[in-house]
Amino acid sequence: MKLYQGIHSLQNYLKGKRAQNLQIGFVPTMGALHNGHLSLVKFAHQKCDVVVCSIFVNPTQFNNEKDLEFYPRPIKNDIKLLVEAGCHVLFHPQTSEMYGSGLHKDSSANYGSFIEVLEGAHRPGHFDGVITIVKRLFEIVEPNEVFFGQKDYQQCLVVKKLIARNFRNISFNQCVIEREPDGLAMSSRNVRLNIAEREAANTLYTALMHIKNNWTRQNWLNAISKARAIIENNPLLNLAYLSVAHPATLQQLNAFEEKAVALIAVNCGEIRLIDNVLLG
Ligand code: AMP
């Protein structure tokens, strides 16, 4: 696997690959890799000739200083996992390489109301940071295909919109959520949960599956109330939101619709957990 920290050397390498008509697949991450990330690398491998992964803990998308400070950065192990997964190129830049001096952020204003709800409402400025860094990475890598996880459902909508606006020749791939055996969605932040919190954390999946298994015109409202109660009855969990929404607009449903998405965010001790399931 090739490892680049500088933009120009990476671009030179990729220019050569593009000249050979090879398809470039790109998986952006913040590192502390787990099987969720590696599944994206594997999807990219199936569809593309050259798989590029980036590891960059993007400061402008954090709205909590402690979360940024304690974000895990096990780069040696990440490199080992990427080599095993067959990744061809790792881009691992310093903050100054991506931002120069200062930390300028683009604005997500005018993206549409779907960006203002859920994570957008609870983490002010988060999607400004996401748009800034994803745009910069797409400009640098110039991929043919990009691979993102459904785990960050709202982020997928944001990136699709960015592509529709600025990168029409990039194809977007949304990949399924990889889970632990008890249902907890894999996340780099899970390693920071203590034993009791880790046990409580799988309640998110229990609540979401309760909605999915009772998703009928007759039962849908009761199912959402019961799911909310499942979370609220757990003393280690603090519910930020549970929303059952239209899959494209993310506006909360006020009548039953077959196709929808249930999205949840919970604070578990210091750790924020998110998850979702598609309904219908
Ligand atoms: P992150 O490093 O958290 O920024 O995530 C990098 C990419 O991996 C994003 O597209 C995430 O949606 C995706 N991802 C994170 N967790 C999972 C998971 N459990 N299953 C599948 N993809 C995931």
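Okay, a definition to get us going: helices here are DSSP runs of H or I with at least four residues, strands are E runs of at least two, and both are numbered from the N terminus. By that count, the protein chain has 11 helices and nine strands. Its radius of gyration, taken over C-alpha atoms, is 19 Å, close to the 19 Å that the globule rule gives for 280 residues, so the chain is as compact as a globular protein of that length. That rule, by the way, is 2.2 Å times the number of residues to the power 0.38. Along its principal axes, the C-alpha trace spans about 60 × 40 × 35 Å.

Quick housekeeping. This is a predicted model, where local features need pLDDT of at least 70 and side-chain atom pairs count only at pLDDT 80 or more, while totals for chains, interfaces and linings use all residues. Residues are numbered from 1 along each chain as its sequence is written, and side-chain values use heavy atoms, with hydrogens and water left out.

Now, the ligand. There are 16 residues around it, and Met 30, His 37, Asp 152, Glu 178 and Met 186 come nearest; being near means having a heavy atom within 4 Å. That shell splits into eight nonpolar, five polar and three charged residues, with Gly counted as polar.

Which backbone atoms make polar contacts, meaning N or O pairs within 3.5 Å? A polar backbone atom of Met 30 is 2.9 Å from a ligand oxygen, and a backbone N or O of Gly 149 is also 2.9 Å from an oxygen of the ligand. For Glu 178, a backbone N or O lies 2.8 Å from a ligand nitrogen.

Where do the shell residues come from? Strand S2 (24-29), helix H2 (35-47) and strand S5 (145-149) each give two or more, and H2 gives the most, with three.

Notes. Polar contact = N/O pair within 3.5 Å; in protein donor to acceptor, adjacent residues only side chain to side chain.
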